[in-house]
Structure formats: C-alpha cells, structure tokens
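Trainee: I would like to learn how to read the packing features of a structure. Please take me through one.

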Amino acid sequence: MNDLSRPQLRLIIFYEWSCGTPAAETVTKIGKVFGETTVTDRTVHNWFARFQSGEKCFEDNDRCCRPTALNNDLLRDAVKEMPDVNMRELETLLGCSHQTISNHLHDLAYRRVLAKWVPHALFPYQMQACGTAWDESLVLYNNDPQRAVWIPRGEEPPVQPKANLHEKKCLLSFFWDANGMLYYELLPQRKTVNATTYSNELAFLALALRKKRQRCSAVHLLHDNARPHVAKATQAKLQELNWDTVPHPPYSPDIAPSDYHLFRPLKLFLKNKRFAKYEELKMAVLDFFDSQSAAFWKKGIDDFPERWLTVVTNDGQYIVD
C-alpha cells in the first residue's frame, strides 16, 4: 500500500536525481516499490527541473523556497514547451501559487482553450504541395439538425435519433466555374463514381461547355487524384477532349472551391428539409443552384488565388475557419 506523504515522495525523487538516475527509470523504481500509480512521469520531470534550479525544499505548507516574484520568461518558456500543461503542474514546476501563475498568464495574454479538430495530422511530405479537389458531396434525404431545448433543472433531456446515413443519401457530383453551374449529376442511392461514370460525366460536361460557354477556347479542369480521375479510361477521355488538368496532391481540401465556398451554403439550404423521393431531393438541389446569384459563383473562383496563398503561408497545414 502507498502510504507515502508528498514530502517523503519528493525526498525519494531528490535522492534518485542526486544519483543521476533518469526520470523514466525513477518512475519505474518508485512504482515497483510503492505501486505503479504512486507518481507520474511529468511529476518526476517537474521535480528534476526544480532540483536542477537549486531548490531543496520538500514541504507543502510553509511554501519554502517559493520566489516572491515569478519570472515571466520562465513561465512563457514552460507553456511553449508544454502547451497542455495544467495549473497544478505549473505550480510544481515554478514553485508559485495558483493565483500568482494565473495572474501572470493573464498579463502575458495567455488563455486556455480546446484545440480544434482537423481531419488528421499532416506529415511534412504531405504538405509539400497543394491543389484543388474534384467537386462532390453527399446529400441527405433527412436533414434534421440536432435540437437544442429548454428543460427544467434536473430533468433529463429528450432523445433525438440520428439520421440513417447508410440508407438515405445520394452522391452529388458537379462541375462549375465563375459564371455558374455547368453540369451536375445526383447519383441514385448506393451508386458511386467509377472511371466509367466519371468519363461519361466529362462527356456531358463537354456538351454543356459547348452550349453555355461558346467562347471558351481552353479548359483547365480542377480535380483531385482519386482513382476514377487517374484511371486509363479517364486519361484517354481527357486527351480526347484536349483539356488541361491542374495537378492535385492529396490532403488539400482547403483550396478546393466547393469545399471552402459551396458545400456550406448547400447544407444550410437543405437544413430542416426532408425528402421522401429521389426526384424531390434532386429538385431541391437544382433549386439551390438556380437560386445563387452571379456574384456567388464569381466570388468562389475569385477567392481561389488568395486561398492558395493562405495555404502556402500556412505551410500546408489545415485552415481552421
């Protein structure tokens, strides 16, 4: 059983530090004798740092050896080195009270916030280049949002079932430019895009361009490197159409015009709507496209160079809007 007091534990840590024992080995040795949960790696590292700075006090109640003033440079270095450090660990590391550290963090304009989620961590090789993505999105038959309700204190909130995402959704594939929507296809349920589907879509897109953009002399197609886009059939179709494509490395959703400009308004347009039939959903999507002004489409493309610059300036990391 672990009946060590904190001063006793710190004395043992001091002994191991004095003997030159590494922090990790110190944790292991203490755990074998007094139990694995007796002390954590971070606590040992913190006390090693304090002993290294010359502190030799092990007591709690008399605040011995605590400085009357906190060095802001030490505090700033501590939070930069360990951004997730908590107040208790800062107290142990710097030998100051909770209120003193809190006041100094406020003076340094530091605040504690939750990190924002991104799809996944990017490795350096994934951030060397960026591009835009092919425009596709899942649209749902049931677009009920999660409800916020007022209830009496102590009462359990009501339940709300999530939409069945495995059955009631379709894949929307579309192509657009600064002047508006060129061609779109809402695939039936459970149907996905393969090389044949995509090649057919390119053929329909070519017809739409000849009809809607008669003065267009060259086409620069922005799509990603998904399998249907790099398949032999697709490459043959692009060669037949004599279209240029913009290279698109993986992991670059932040610079796809539909991702940063189109998808969010589309989801908001469909919010709170329910559709019983495929035709109803297709009509709603068409209504959204038709309801957008010329300025909306133009802005999505005009923002593209600035979006590229932001990604480059951000060293390829995700943009958190």
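**Rings, cores and contacts**

Mentor: Start with the rings: F174, W176, Y184, F263, F269, F288, F289, F296 and W297 are linked into a cluster by ring pairs. Rings of Phe, Tyr and Trp (its six-membered ring) pair if their centres lie within 6.5 Å; planes under 30 degrees apart are stacked, over 60 edge-to-face, the rest tilted. This is a predicted model, where local features need pLDDT of at least 70, side-chain atom pairs count only at pLDDT 80 or more, and totals for chains, interfaces and linings use all residues. Residues are numbered from 1 along each chain as its sequence is written, and side-chain values use heavy atoms, with hydrogens and water left out.

Trainee: How many aromatic pairs does that rule give?

Mentor: The count is 14 aromatic pairs. Take Y183 and F204: they are stacked, 5.7 Å centre to centre, with 15° between the planes. Y183 sits in strand β3 and F204 in helix α7 (residues 195–212), so this pair ties together parts 21 residues apart in sequence. Helices (H or I, at least four residues) and strands (E, at least two) are DSSP runs, numbered from the N terminus. The protein has 13 helices and five strands.

Trainee: Is Y183 buried or exposed?

Mentor: Buried means under 20% relative accessible area, exposed over 50%, partly exposed in between (1.4 Å probe, protein chains only). Y183 counts as buried, at 17%. Across the protein, buried residues make up 36% of the 321 residues.

Trainee: Which residues touch the most other members of the largest nonpolar core?

Mentor: General idea: in soluble globular proteins, nonpolar side chains tend to be buried together. A nonpolar core is a set of buried Ala, Val, Leu, Ile, Met, Phe, Trp, Tyr and Cys residues joined through side-chain atoms within 4.5 Å. In the largest one, of 19 residues, L172, F174, M181, Y184, L262, F289 and W297 touch the most other members. Two or more residues each come from β2 (169–177), β3 (180–186), α10 (257–270), α11 (278–291) and α12 (294–302). The most come from α11, which gives five. Apart from this core lies another, of 16 residues, including L182, L202, L205 and L209.

Trainee: What is L262 in contact with, leaving aside neighbours within four places in sequence?

Mentor: Contact means heavy atoms within 4.5 Å. On that basis, L262 meets F174, W176, P257, F288, F296 and W297. Now try S137, in strand β1 (residues 136–140). S137 is buried, at 9% relative accessible area. S137 and K267 are 130 residues apart in sequence, yet 9.9 Å apart in space, C-alpha to C-alpha. For the protein, among contacts between residues at least 6 apart in sequence, 70% join residues at least 24 apart.

Trainee: Which charged residues lie over the faces of W47 and F269?

Mentor: The rule: NZ of Lys or CZ of Arg within 6 Å of the ring centre and within 35 degrees of the ring normal. R50 lies over W47, at 4.2 Å from the ring centre. K273 lies over F269, at 4.6 Å.

Trainee: How many disulfides are there?

Mentor: A disulfide is a covalent bond between the sulfur atoms of two cysteines. The test is a pair of cysteine sulfur atoms within 2.5 Å. The count is zero. As for individual cysteines, C19 is partly exposed, at 47% relative accessible area, whereas C96 is buried, at 3%.
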